[in-house]
Amino acid sequence: MDDASLWSEVRVLYRRVCLLRNLGHGAEAAQIEPAVSKAVDAIRGSPEGSGNYDAKLRALFALEEDRVASASVLAEILLPMLREMADDGTRRPVCARLVHSARAADTGRRRGSVAAPSIADFIDQMIQQERISFGAAPP
Amino acid sequence: MTIMSTSTIERPSAAPATPSTANPPAMPGRAGVARGKTVLVGFDLGTNKSCLLAGPTGSTDIVVSKVIPSVIGYVKDGIVDGIIAGNRSVLFGEDALANGLHVRLVAPLAEGVIADRAAAHEFLQHIRSLADSSGNSEIRAVVGVPANAGEVARDDIRRAALGIFDRILLIPEPFLAALGYRDDSRLAQPNYIDPVVNSLFIDIGGGTSDLCLVQGCFPTRDDQISVAFAGDAIDELMHSELDRTYPNNGLSRLRVREIKETHGYVGPSRKPLDVRVIIGGKAHTLELGDVIGRACNVLIDRIYPALTTLIERADSNSVVILLQNIIITGGGSQLKGIDTLLQKRLTDDGYEAPRVRLAGQDYKRYVAIGALKAARAARENQWQVLLG
């Protein structure tokens with residue numbers, strides 16, 4: 001297996017561990033951890049590697065943890081909205097929320113934190129709601 | 001000035017959708033006078049107290065920070081020169097209250113909305129003068145409105161602001177409170193729970209108690225409930241009961257409010273609760289434990305159904321975290337025991353590990369802080385221009 005494939009394998013396995021932990025399945029995550037360790041050892045023993053493995057691994061682990069956290073928040077927001085859309089067909093507020101959520105999740109990823117919505121996006125949503133509620137003319 | 005219909009007095013700015021973080025170019029004022037710098041204002045127009053924060057564009061500095069009683073005093077006829085400093089004919093806020101003997105006090109708002117348009121206009125002129133002493137800056141104000149305020153109430157604010165603020169945005173108060181309460185410096189911390197992502201705000205003011213679900217997107221009308229019972233209604237109940245219990249007590253509504261602000265509580269009766277008052281020039285000590293408790297507990301009875309209604313409207317996947325983030329702000333948050341009582345009632349009713357907490361000592365300012373944050377973040381095309 002080449003170097004890129006080894007790193008890819010660690011990434012996939014560790015993401016799976018993060019997902020399982022996030023879902024509260026700690027025991028299942030623990031079952032995969034030996035495979036992660038084995039893949040990490042394979043990287044360390046790879047003749048193609050350029051060294052400095054620990055720093056790269058730390059960065060990879062942090063990135064995957066962040067991705068799973070962001071995805072989890074996004075899913076928490078999106079799922080009820082999709083359900084709501086399926087239930088009553090009210091597409092407008094759902095669409096507004098989807099746009100916002102995607103932006104928020106993206107912002108959160110970049111900031112390395114949980115979704116931090118933009119105030120200007122909130123104001124956009126408010127103006128959109130007002131146009132519907134009060135019939136104000138669009139700009 | 002003739003005021004036209006709403007659609008003609010308000011229009012969104014036609015400027016491109018860029019953030020207003022930089023100082024925008026000066027624009028002509030309403031009377032054709034060139035405006036100087038731009039001042040951003042966050043304003044909580046409250047029934048009893050208003051809070052003004054103002055600062056320049058392009059920075060986070062707050063240049064003006066004031067809590068002002070929402071009252072105007074029109075000086076009575078026949079007051080001799082020199083009694084009122086500067087021989088002014090109209091006084092505002094603390095000044096008006098301090099000269100209560102010589103002025104006719106008028107409250108511009110009642111139950112959270114404008115009750116006297118002329119007084120509201122004068123009050124906003126005063127606010128403008130505090131925010132911009134030069135008088136020639138462009139003023140862009142984000143003003144808090146009660147949750148679910150109707151178009152009439154909103155239009156009244158716009159009319160009152162005509163010729164005073166150059167651009168305006170009206171945003172529901174409890175949402176602004178959430179923005180104001182949010183600690184921006186901690187957003188990047190993994191253990192910080194952003195109140196804007198998932199919380200329930202209870203903003204108890206003078207005229208209304210506003211409850212709002214804040215769950216990562218702008219609250220819809222279904223996410224907000226405004227209860228027309230708050231500090232003023234408690235004062236009224238206390239005053240009525242005092243009049244029955246102690247006839248001819250001579251206590252003013254203002255004094256009753258002071259008593260509530262000092263001794264107000266909810267929950268089981270706290271007796272004895274002795275309060276010293278001056279009646280007919282003589283000091284008396286009245287036992288007011290029951291009077292105060294009964295009046296304040298009505299607030300709980302009124303807001304609790306609204307609280308549970310909003311909790312039940314919250315998405316089932318997020319409600320557990322939401323229950324950990326119920327935050328009380330506004331003057332009503334100062335009623336002793338209000339957080340523990342609401343938490344206990346939720347627990348007793350079977351809600352999962354609820355946690356109700358008080359916003360803290362800045363409770364008078366959170367709406368205005370949120371409003372100023374919104375003013376700083378608003379894009380050019382989001383501001384509404386008021387046209388006369």
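1. At what angle do helix 1 and helix 2 of chain A pack, and how far apart are their axes? In this predicted model, helix 1 (residues 3–22) and helix 2 (residues 26–44) of chain A pack at an angle of about 165°, and their axes are 9 Å apart. Angles over 145 degrees count as roughly antiparallel, so helix 1 of chain A and helix 2 of chain A are roughly antiparallel to each other. The crossing of helix 1 of chain A past helix 2 of chain A is left-handed.

2. The residues that join these two helices of chain A are as follows. Helix 1 of chain A contributes, among them, A:Leu6, A:Trp7, A:Val10, A:Leu13, A:Tyr14 and A:Arg16. On the side of helix 2 of chain A, the contact includes A:Gly26, A:Glu28, A:Ala29, A:Ile32, A:Val36 and A:Ile43. By class, the contact of helix 1 of chain A with helix 2 of chain A has 15 nonpolar, one polar and five charged residues.

3. In chain B, the axes of helix 6 (residues 231–245) and helix 8 (residues 289–313) come within 9 Å and cross at roughly 150°. That makes helix 6 of chain B roughly antiparallel to helix 8 of chain B. Helix 6 of chain B passes helix 8 of chain B in a right-handed crossing. B:Ile234, B:Leu237, B:Met238, B:Glu241 and B:Leu242 of helix 6 of chain B take part, facing residues of helix 8 of chain B that include B:Val291, B:Arg294, B:Cys296 and B:Leu299.

4. From helix 10 of chain B come B:Ile338, B:Leu341, B:Leu342, B:Arg345 and B:Leu346, while helix 8 of chain B supplies residues including B:Leu299, B:Ile303, B:Tyr304 and B:Leu307. The classes here are ten nonpolar, two polar and two charged.

5. Which ring does the charged end of B:Arg345 sit over? That ring belongs to B:Tyr304, and the charged end of B:Arg345 is 4.4 Å from its centre. Both residues belong to the contact between helix 8 of chain B and helix 10 of chain B.

6. Over all chains, the structure holds five aromatic pairs. One aromatic cluster is formed by A:Phe122, B:Phe175 and B:Phe218.

Note on methods:
Residues numbered from 1 in each chain as written. Chains lettered and ligands numbered in written order. Predicted model: local features only at pLDDT ≥ 70, side-chain atom pairs only at ≥ 80, totals over all residues. Heavy atoms only, no water. Axes fitted to C-alpha atoms, helices over the stretch in contact; angles between N-to-C directions. Helix = DSSP H or I, 4+ residues; strand = E, 2+ residues; numbered from the N terminus. Parallel < 35°, antiparallel > 145°, perpendicular 65-115°, else oblique. Left-handed = near helix turned anticlockwise from the far one by under 90°. Contact = heavy atoms within 4.5 Å. Phe/Tyr/Trp six-rings, centres within 6.5 Å; stacked < 30°, edge-to-face > 60°. Lys NZ or Arg CZ within 6 Å of the ring centre and 35° of its normal. Nonpolar A, V, L, I, M, F, W, Y, C, P; charged D, E, K, R; others polar.
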